[in-house]
Amino acid sequence: MPLKKLQLKPGVNRENTRYTTEGGWYESDKVRFRQGMPEKIGGWERISANTFLGVCRSLWNWVTLGKQNLISVGTNLKYYIERGGAYNDITPIRLTTAAGDVTFAAVNTSPILTVSDTSHGAVVGDFVTYSGAASLGGVITAAVLNIEYEITTVINADSYTITAAVNANGSDTGNGGASTVGAYQLNTGSATGVPFTGWGAGTWGQGTWGNGGITTSPIRLWSQSNFGEDLFFAYRGGPLCYWAASTGVGVRGKTIDTTNYPTSDGVPTVANIASVSDIFRFAFCFGTNEINTAVLDPMLIRWSDQENVFNWNPSTGNLTAGSLRVSHGTEIVAVVQARQEVLVWTDSAVYSMQYIGGDIVWNAQLMGNNLSISSQNAVAFTGSAAYWMGKDKFYKYDGTVMTLPCNVKRYVFNDINTAQFNQVVAGNNEGFNEVWWFYPSAGVTTNDRYVVYNYQEDIWYYGTLARTAWLDSGLRDRPIAATYSNNLVDHEKGNDDKQTAVTAAIAASITSSEFDLDDGHSFVLINRMLPDVTFDGSSAANPAAIMTISPMSNSGSGYNNPLSEGGNSSATVTRSATVPIEQFTGQVYLRVRGRQIAFTMESTAEGVAWQLGSPRLDMRPDGRR
């Protein structure tokens, strides 16, 4: 019988059964499509051996007037600026005590120090730096004390504990003296949503009597934008902050208040999202407090005087500062600067904000209602359209809001941890016309999976990969992502996993849906395969991939096994030369029998890159049972 060319539709489809989606692909991991053909994705490599503290949820890239290419890194513990591979801590100070307000108490043979400071306002995990402290009399010297510490326990509103690098001895009976000053950084936040129950948890009517509702505490999410070469930033539910590039990466940012900026006027004291408009440079707060109040209104939008991030008071001769309140939904969830508009998502609607000038200055127009969005970071803007993950589907906005058809929708939303929706993060991979979403699967409290929409080819694919933030800026050579190894990695670099100092292979695979001859009227015997593949871009001397044919007696039988019964048969295809043309294993002999067949392409070795073409199979009918 003539050879049969295996040509499958691009993209992965999990919306129907393996047999119904005949002629396509059903499973994938670390594989994308280029001009309709599957290939292994590129590798990744850490930008340096340095690490940061906490889980990164926010990345922002810009270049200063001095030509410094910087990335801000917002974690649940700190806020950094990456420059040249180093992570510089610029977390603002929320409180600096007077000299002598802080005292220490040590216990013999223990490294635990009790710190007394009235109304310290700290939580477990906060960071504080001491200065001016004197030795406690023994091994707890001034050098031991006058450094940064992480608070390990909070005893009460006036005391907490830290852990010294050495155990105290019997001579450590002092209290640090009358000159000790404590500089407390902004309160830290949670790395994951922590469900809690009980009276007062959730809305009225949730849960059973006496148990209240089941809700999840928020994770630390940052937002930021450039104000010129400077950085305007805030965490959700926190104060507005500002870092001046002229001060250098060795100087911390500051909270915007009259203490740090005496001329500031009417500045919001709390905000959920901070941003700066591309046109006319207004600073914005989305979800903030009214002027002269301290209560956060999650649907209120305020903006500063034009070109003045420190003046938000419209009643002091300021003609451009103002506010408006959107009405659809209960809170503003996400904001994206698009072309000539600012897109604002609430938990049930999307608005377009545009500058109109005059007394109104900015106006918000409702663009879509009765929709959802999974998180603050679930939106990616490609330059012509915004794509986002909702809580049960995907959406697109290109002037009109529409549901995005998705061939892996059921696969994603039937196995996602809905209690951790806030961890969902989206990002562009412009070089491949892709939007990526990372999310936690059911029962998992960290991002462990991804799903990709290729908007040029209008196809979907998915896989497993743990990333907490993603940035494709154009100011760097490659997309950058944050990992659970507390570092940043360059993506699409090389062929391997170089997230740590130890290089590891990237296992990539793709499996087809079931296919047959004559709608499965007869069993099929396959005894030969002619591979079609390119290993272009591989760094291994003899890159190889494995092609597997998996037969089934019928759609519900599972794969036949062992080989003696016509079960799976695999062949390794290895490149042997690259010039004058690429050469690899030309044909392999198999013995596979089944009514339906599935094909798998995979690689598990270091240094391998591949793209699958159209393999040919020597297939013939082999009876009806």
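Student: Which residues line the second largest cavity?

Tutor: This is a predicted model, in which local features need pLDDT of at least 70 and side-chain atom pairs count only at pLDDT 80 or more, whereas totals for chains, interfaces and linings use all residues. Residues are numbered from 1 along each chain as its sequence is written, and side-chain values use heavy atoms, with hydrogens and water left out. On a 1 Å grid over the protein atoms alone, a cavity is a set of points where a 1.4 Å probe fits but cannot get out, and lining residues have an atom within 4 Å of a point. By that criterion the lining consists of Thr 64, Gln 68, Leu 70, Arg 83, Trp 243, Ala 245, Gly 248 and Val 249.

Student: How many residues of this lining of the second largest cavity are charged?

Tutor: Ala, Val, Leu, Ile, Met, Phe, Trp, Tyr, Cys and Pro count as nonpolar, Asp, Glu, Lys and Arg as charged, and the others, Gly among them, as polar. The lining then divides into 4 nonpolar and 3 polar residues, and the number charged is 1.

Student: What is the volume of the largest cavity?

Tutor: The search of the whole structure returns 2 cavities of 30 Å³ or more. Leu 6, Gln 7, Trp 25 and Met 37 are among the residues lining the largest cavity, a lining that holds 7 nonpolar, 2 polar and no charged residues. A volume is the space filled by probe spheres set on grid points, which are joined across faces, edges and corners. For the largest cavity this gives about 40 Å³.

Student: Which residues that line the largest pocket are the closest to its centre?

Tutor: A pocket is an open set of points with protein on both sides within 12 Å along at least five of seven lines. The largest pocket holds about 1200 Å³ of space, and its lining divides into 19 nonpolar, 16 polar and 5 charged residues. Of the 40 lining residues, the closest to the centre are Leu 59, Trp 60, Val 336, Gln 337 and Leu 471.

Student: Is strand 8 largely enclosed by the rest of the structure or largely open?

Tutor: Strands are DSSP runs (E, at least two residues) and helices likewise (H or I, at least four), numbered from the N terminus. A residue is buried under 20% relative accessible area, exposed over 50% and partly exposed in between (1.4 Å probe, protein chains only). Because 4 of the 5 residues of strand 8 (residues 79-83) are buried, the strand is largely enclosed.

Student: Which residue in strand 9 is the bridge partner of Ile 81?

Tutor: Two strands pair if DSSP finds at least two bridges between them; strand 8 and strand 9 (residues 86-89) run antiparallel and are joined by 4 bridges. They form a hairpin with 2 residues between them, and Gly 84 in the turn has a positive phi of about 60 degrees. The partner of Ile 81 in strand 9 is Asn 88.

Student: How far apart are the closest N and O atoms in the salt bridge of Arg 32 with Glu 434?

Tutor: A salt bridge is a side-chain nitrogen of Lys or Arg within 4 Å of a carboxyl oxygen of Asp or Glu. Arg 32, in strand 3 (residues 31-34), and Glu 434, in strand 37, link distant parts of the chain, 402 residues apart. Arg 32 is buried at 1% relative accessible area, and Glu 434 is buried at 0%. Their closest N and O atoms are separated by 2.8 Å.

Student: What is the N to O distance between Arg 449 and Asp 415?

Tutor: Arg 449 is buried at 15% relative accessible area, whereas Asp 415 is partly exposed at 23%. The side chains of Arg 449 and Asp 415 meet in a salt bridge, N to O, of 2.7 Å.
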